[in-house]
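Colleague: I should like to learn how to read a model of this kind, feature by feature. Please begin with the terms and then turn to the case at hand.

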Amino acid sequence: MTSGTSTLTKRVLLAAPRGYCAGVDRAVVAVEKALETYGAPVYVRKEIVHNKYVVETLSERGAIFVNETDEVPEGARLVFSAHGVSPAVRESAAARSLDTIDATCPLVTKVHKEAVRFAKDDYDILLIGHTGHEEVEGTAGEAPDHVQVVNSPDEVDQVTVRDPAKVVWISQTTLSVDETMETVRRLRERFPSLQDPPSDDICYATQNRQVAVKKLAPECDVVIVVGSANSSNSVRLVEVALQAGARSAYRVDRSSEIDEAWLEGATTVGVTSGASVPEILVRDVLALLEGRGFDDVQEVRTATEDLMFSLPRELRAGLKAAGADDKRPHKESRKELPLA
Ligand code: SF4
């Protein structure tokens, strides 16, 4: 496949699904609607979703991103990000009388509920995920006395539990499916009674994007993943592409970060994007590639997504009171736009 000759057709394999998931769409629209309805400023705890462009765009419109609730003036409006928060954060917001809008993805909330339930039944809960990631902090915070975080298969040997017959694993929603299954396999070797979570914790969007990139990767000289460095599912897409046979794979926030040297001698470039990435950034990458002769764009679709979550309850109530509708202003941005 790789060739330095210019006579071969240069093509792009464009993964689908890619980009915005239902949880990100809901969270971004929640901030947009809060700004429209209540006016600026609207405070947001942490990045609403892990994407630089989204955060910059919302900041320009009047959102103020903070790290903790004590940076928000008493009584002000605060949105919790899609990654979720621990009960301690909710309590500190309540203590400051903040008017909160909870944009936690419902699929993250589902994992929180699992943690609460298994803690109530006094299980040792092994949370497979990345220490320091906001989602992991939020989930672990639901049951700090019962949860221990397992970062990778290599950490399995250090895990200690009170009763090996009463252990369950749950996970962060945005992990590599294959690596997580390897961690579970090793945990089960040590704890044969290890219980599985009631349903997949790695969400549909993470899984679908990994399946799509796996399909195109073996044919690619280069795979370009659009997504920010702190976006777990974007970073995983680079790893998955390489494991699936891509000759090289890179993550970029935007097209200007593409190094021309990556494209030298390449004839097939794969393109995908993480679940927090607006389609406009992918279009910019395709435009750059077109300018370098990669003008044959072929979509590689492995699933169709039409999931959509309703807006946060507090916001819907606020919109109703203000006589505003809760239509999604940029619903089209999460669909696959027709290729130019
Ligand atoms: S990546 Fe999955 S869990 Fe995270 S916001 Fe999107 S749908 Fe929800």
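Modeller: Contact means heavy atoms within 4.5 Å. Helices (H or I, at least four residues) and strands (E, at least two) are DSSP runs, numbered from the N terminus. This is a predicted model, in which local features need pLDDT of at least 70 and side-chain atom pairs count only at pLDDT 80 or more, while totals for chains, interfaces and linings use all residues. Residues are numbered from 1 along each chain as its sequence is written, and side-chain values use heavy atoms, with hydrogens and water left out.

Colleague: What average pLDDT does the protein have?

Modeller: pLDDT is the predictor's confidence in each residue, from 0 to 100. The protein averages 94, and 94% of the residues score at least 70. Over residues 1-6 the pLDDT is below 50, and this stretch has 14 contacts in the model beyond near neighbours in sequence. Residues 329-340 also have a pLDDT below 50, with 30 contacts beyond near neighbours in sequence. Where pLDDT is low, the predicted coordinates should not be read in detail.

Colleague: Which residues of helix α11 are buried, and what covers them?

Modeller: Buried means under 20% relative accessible area, exposed over 50%, and partly exposed in between (1.4 Å probe, protein chains only). In α11 (residues 313-321) the buried residues are Leu315, Gly318 and Leu319. These residues lie on the same side of α11 because they cover an arc of only 100° around the axis, the arc being that of the directions from the helix axis to the C-beta atoms. Their cover includes α1 (22-38) and β5. On the face turned away from the buried side, α11 carries the exposed residues Arg313, Lys320 and Ala321. Just after the helix, Gly323 takes a positive phi of about 70°.

Colleague: In what order do the strands of the open sheet containing β5 run?

Modeller: Two strands pair if DSSP finds at least two bridges between them. The order of the four strands is β3-β2-β4-β5, with parallel pairing. At the edges are β3 (63-66) and β5 (99-102), each of which pairs on one side only. Neighbouring strands of the sheet are turned by 30° against each other on average, direction ignored. Axes are lines fitted to C-alpha atoms, for helices over the stretch in contact, and angles run from 0 to 180 degrees between N-to-C directions. Within this sheet, β2 (residues 42-45) and β4 (residues 77-80) are joined over three bridges, and Arg45 stands opposite Phe80 in β4. Helix α3 (residues 87-95) lies across β2, β4 and β5, and runs at about 175° to β4.

Colleague: How many residues of strand β8 are buried?

Modeller: In a regular strand the side chains alternate between the two faces of the sheet. Five of the five residues of β8 (residues 167-171) are buried. Val167, Trp169 and Ser171 lie on one side, and Val168 and Ile170 on the other. Strand β6 (residues 124-128) pairs with β8 in the parallel sense over five bridges, and Ile125 stands opposite Val168.

Colleague: How many disulfides does the structure hold?

Modeller: A disulfide is a covalent bond between the sulfur atoms of two cysteines; the criterion is a pair of cysteine sulfur atoms within 2.5 Å. The structure holds zero disulfides. Cys220 counts as buried because its relative accessible area is 0%, and Cys203 is buried at 12% relative accessibility.
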